Amino acid sequence: MKKLIGVLVLVVLALPLLWNERQMFTAQAAEVKNPPRNMSSESAALEAKRQQLAQKEAALAAKEAALNQLSAKLDARVAELNAAKKGIEESLTAKKKQDDERYKKMIKIYKGLKPEEAGTLLNKLDEKMVIQMLNQMDQKTAVKLIPFINQPRVLEWTRLNLAGN
């Protein structure tokens, strides 16, 4: 009987401890099933951040695609402009060569004339043309014609040649 009383005393003393442990386990199980509010709010905040980052990433990808398209268009336009520039340069070179040939033909004609006649004709031409022709003439021909050309034109030609134009 002493044993029985001892067991009963133990049971009576242990019952509140066991009851407290049971309540603790029940509370822990409830937390696992229903996490505390701040855990679920943190989880929701993290999910919202993830969605924001995904949206930003998608927007950046769209902008990058648009920039790549613009870059391709600009590259194509630059290629077009370079081709046009090359064409214009070739055209200018051809025109300059053609003009030089015409000036050379005219210089041969003026060279065949008497210096007085050539000077008289040159005086009737535009100053720019006369200067261009004098620039393309050989020194011997220019020396023969200078006395018969208006002096202001000769002086302008001299100034331009000394200035390097």
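**Briefing: pocket, helix face and salt bridges**

K96, D99, D100, Y103, D126, K128, M129 and Q132 line the largest pocket. This is a predicted model, in which local features need pLDDT of at least 70 and side-chain atom pairs count only at pLDDT 80 or more, while totals for chains, interfaces and linings use all residues. Residues are numbered from 1 along each chain as its sequence is written, and side-chain values use heavy atoms, with hydrogens and water left out.

**The largest pocket**

- A pocket here is an open set of points on a 1 Å grid over the protein atoms alone, where a 1.4 Å probe fits, with protein on both sides within 12 Å along at least five of seven lines; lining residues have an atom within 4 Å of a point.
- The volume of the largest pocket is about 200 Å³, counted as the space filled by probe spheres set on the points.
- Helices α2 (37-112) and α4 each supply at least two residues of the lining, and α2 gives the most, with four residues. Helices are DSSP runs (H or I, at least four residues), numbered from the N terminus.
- The lining comprises five charged, two nonpolar and one polar residue.

**Helix α4**

- In α4 (residues 127-136), the buried residues are V130, I131, M133 and L134. They fall within an arc of 165° seen down the helix axis, so they line one face of α4. The arc is taken from the directions from the axis to the C-beta atoms.
- Buried means under 20% relative accessible area, exposed over 50%, and partly exposed in between (1.4 Å probe, protein chains only).

**Salt bridges**

- The structure holds seven salt bridges, each a side-chain nitrogen of Lys or Arg within 4 Å of a carboxyl oxygen of Asp or Glu.
- R77 pairs with E80, with the closest N and O atoms 3.0 Å apart. Both residues are in α2, three residues apart, or about one helical turn. R77 is partly exposed at 45%, and E80 is partly exposed at 48%.
- K111 forms a salt bridge with D138, also with closest N and O atoms 3.0 Å apart. K111 lies in α2 and D138 in the loop between α4 and α5 (139-145), so the pair ties together parts that are 27 residues apart in sequence. K111 is partly exposed at 46%, as is D138 at 32%.
- E156 and R159 meet at 3.2 Å, N to O. Both lie in helix α6 (residues 151-163), three residues apart, and E156 is partly exposed at 24%.
- K95, D99 and R102 are linked in a network of salt bridges; D99 also lines the largest pocket.

Terms used
Nonpolar A, V, L, I, M, F, W, Y, C, P; charged D, E, K, R; others polar.
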